[in-house]
Amino acid sequence: MKFQAPKGVSEYFPQRSGAFERVRATLITAAATSGYQLIELPVFEDTELFARGVGESTDVVSKEMYTFEDRGGRSITLRPEGTAGVMRAVIEHNLDRGQLPVKLWYSGAFFRAERPQAGRYRQFYQVGVEAIGYDDPEIDAEVIAMADRGLRELGLKSFRLELTCLGDLASRQAHRIDLDKFISGLELDEATRAKAALNPLRLFDDKREAIKSAMLNAPILLNYLSAESRANFEKVQALLESFGVPFTINERMVRGLDYYTGTTFEFVHEMLGAQSGIGGGGRYDGLMSQLGGADLSGIGYGIGIDRVLLACEAEGIELQAISPLEIFVIALGSAEKEYVAKLINELRGAGISSDMAYGDRGLKGSMKSADKSGARYSIVVGSDELVSGSAQLKDMKTGESQSVMLSSLPQILRRSS
RNA sequence: GUGGGCGUAGCUCAGCUGGUAGAGCACUCGGUUGUGGUCCGAGAUGUCGCGGGUUCGAGCCCCGUCGCUCACCCCA
């Protein structure tokens with residue numbers, strides 16, 4: 001039998017893996033340059049952590065988790081999102097005991113047992129951040145601006161940032177009562193009514209026209225915000241404006257995880273098809289205490305690397321690999337090959353990425369390999385070069401070459417890079 | 001879980017109302033002495049997803065099956 005990857009996973013191999021790596025690195029840099037530090041966590045956790053953290057009523061928990069029993073009879077789940085795990089680690093290791101806020105970033109694979117489609121995978125990759133311990137509007141703005149910076153750094157343009165505020169508990173409860181009342185007055189089929197019972201907000205992003213128009217007059221959460229929530233949200237908006245981060249208010253935005261409160265946002269790309277959300281996040285007030293920790297508020301986001309890469313491709317953005325080859329060396333005979341093997345070993349030791357032509361393909365074929373390797377320079381070593389110790393260093397972009405001493409290659413290349 | 005589309009060379013696909021397979025790209029070699037990206041020439045490559053059926057004959061028709069894909073749902 002011929003093995004195949006499990007259904008619906010995303011995989012990256014050369015050529016595309018270079019672009020994938022670039023996306024990940026760029027998003028990470030945006031976080032790291034804002035004082036966020038790496039937290040590396042397991043990809044599986046106690047099932048109960050997600051059930052309580054993400055919410056039993058969410059689709060993610062009720063039907064999309066990869067759950068299994070380990071050999072000790074424990075129920076284990078492959079992480080479907082990042083925030084719950086980070087909270088667990090912060091609580092378990094008392095990371096919130098020192099200075100606040102605690103600012104962390106993470107990157108890795110996440111798992112959801114959904115039906116795959118364009119931009120939706122069963123194993124997918126995210127870069128995420130969490131800022132825990134303060135609920136200043138400055139932090140909200142920082143987090144959002146960070147995500148925005150990462151995306152723009154990559155060259156993305158056709159996306160928008162949607163923003164809303166879910167308010168505090170009292171605001172949400174007041175709104176919920178009126179919304180339930182409104183929905184009970186609508187004529188709905190059974191499935192839709194069940195969906196509304198679980199989370200009435202979900203009707204706001206139903207794609208059916210009938211529901212859309214019915215919901216036009218539904219009570220809007222933003223109108224129920226307490227004075228404090230409102231002031232806070234306005235401050236966040238003012239800050240984003242001062243940063244030059246464009247956004248639109250989406251008073252009907254719905255997020256799929258139960259823990260969101262306060263400032264909530266989503267990055268939506270316009271050229272992607274059905275799965276157009278490339279990232280999103282928000283504030284979570286009660287999450288940490290609910291998981292047994294201190295009553296600290298936090299805010300974070302997750303950005304989908306797979307989807308951001310698709311977005312870059314849709315916009316025709318060419319992403320450079322992180323560490324392209326510096327030099328490709330061609331040996332013309334067997335004595336030369338031995339010499340070249342030693343030479344590139346030395347170059348690599350000096351931190352200069354280099355490769356050579358293997359086998360004996362002839363000069364033309366070897367030059368083709370050099371071309372495809374993407375190396376900045378190539379150099380040919382034949383019997384003449386072995387004797388004289390000098391060779392032609394060729395710039396692969398311009399086609400120009402210069403005579404150099406082989407022994408001084410490390411210095412020359414280091415200077416040019 | 002529910003629908004639609006599709007499975008032909010490594011990749012993207014063509015294959016007319018059934019007559020035992022083709023293109024482009026990629027790959028290898030070459031276009032006379034040691035320099036790639038363009039151009040030209042030559043070459044290699046397929047259990048036409050799998051199993052059954054109809055037929056003198058099936059890539060093409062029928063049934064089943066597996067897989068992929070897009071959408072619903074949901075979300076990164």
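Biologist: Is Val 387 buried or exposed?

Modeller: Exposed, because its relative accessibility is 76%. Bear in mind that this is a predicted model.

Biologist: Okay, and where does Val 387 sit?

Modeller: In helix 14, which covers residues 383-388. Val 387 also makes a nonpolar surface patch of about 280 Å² with Tyr 339 and Leu 386.

Biologist: Switching to charges: how many salt bridges turn up in the whole structure?

Modeller: The search finds 23. One of them pairs Glu 326 with Arg 376, at 3.5 Å from N to O. Glu 326 is in the loop between helix 11 and strand 12, and Arg 376 is in the loop between helix 13 and strand 14, so the bridge ties together parts 50 residues apart in sequence.

Biologist: Which of those two is buried, and which is partly exposed?

Modeller: Glu 326 is the buried one, at 11% relative accessibility. Arg 376 is partly exposed, at 38%.

Biologist: What does Asp 206 pair with?

Modeller: Lys 195, through a salt bridge of 3.3 Å. Asp 206 lies in the loop between helix 7 and helix 8 while Lys 195 is in helix 7, so this pair links parts 11 residues apart in sequence. Asp 206 is buried at 7% relative accessibility, whereas Lys 195 is partly exposed at 28%.

Biologist: Which residues are in the salt-bridge network there?

Modeller: Asp 189, Lys 195, Asp 206 and Arg 208.

Biologist: And where do Asp 148 and Arg 152 lie?

Modeller: Both are in helix 5, four residues apart, or about one turn of the helix. Asp 148 is buried at 5% relative accessibility, and Arg 152 is partly exposed at 34%.

Biologist: New topic: what does Tyr 224 touch?

Modeller: Leaving out residues up to four places away in sequence, Tyr 224 touches Ser 171, Ala 174, His 175, Asp 178 and Pro 219. With Asp 178 there's a side-chain polar contact of 2.6 Å. Tyr 224 itself is in the loop between helix 8 and helix 9.

Biologist: How far apart in space are Tyr 224 and Ala 174?

Modeller: 7.0 Å, C-alpha to C-alpha, though they're 50 residues apart in sequence.

How values were computed: Residues numbered from 1 in each chain as written. Chains lettered and ligands numbered in written order. Predicted model: local features only at pLDDT ≥ 70, side-chain atom pairs only at ≥ 80, totals over all residues. Heavy atoms only, no water. Patch = residues over 30% accessible without salt bridge, like charges linked within 9 Å, V, L, I, M, F, W, Y side chains within 5 Å. Areas by Shrake-Rupley, 256 points an atom, 1.4 Å probe, with all protein chains shown as cover. Salt bridge = Lys/Arg side-chain N within 4 Å of Asp/Glu carboxyl O. Helix = DSSP H or I, 4+ residues; strand = E, 2+ residues; numbered from the N terminus. Buried < 20%, exposed > 50% of the residue type's maximum accessible area, 1.4 Å probe, protein only. Contact = heavy atoms within 4.5 Å. Polar contact = N/O pair within 3.5 Å; in protein donor to acceptor, adjacent residues only side chain to side chain.
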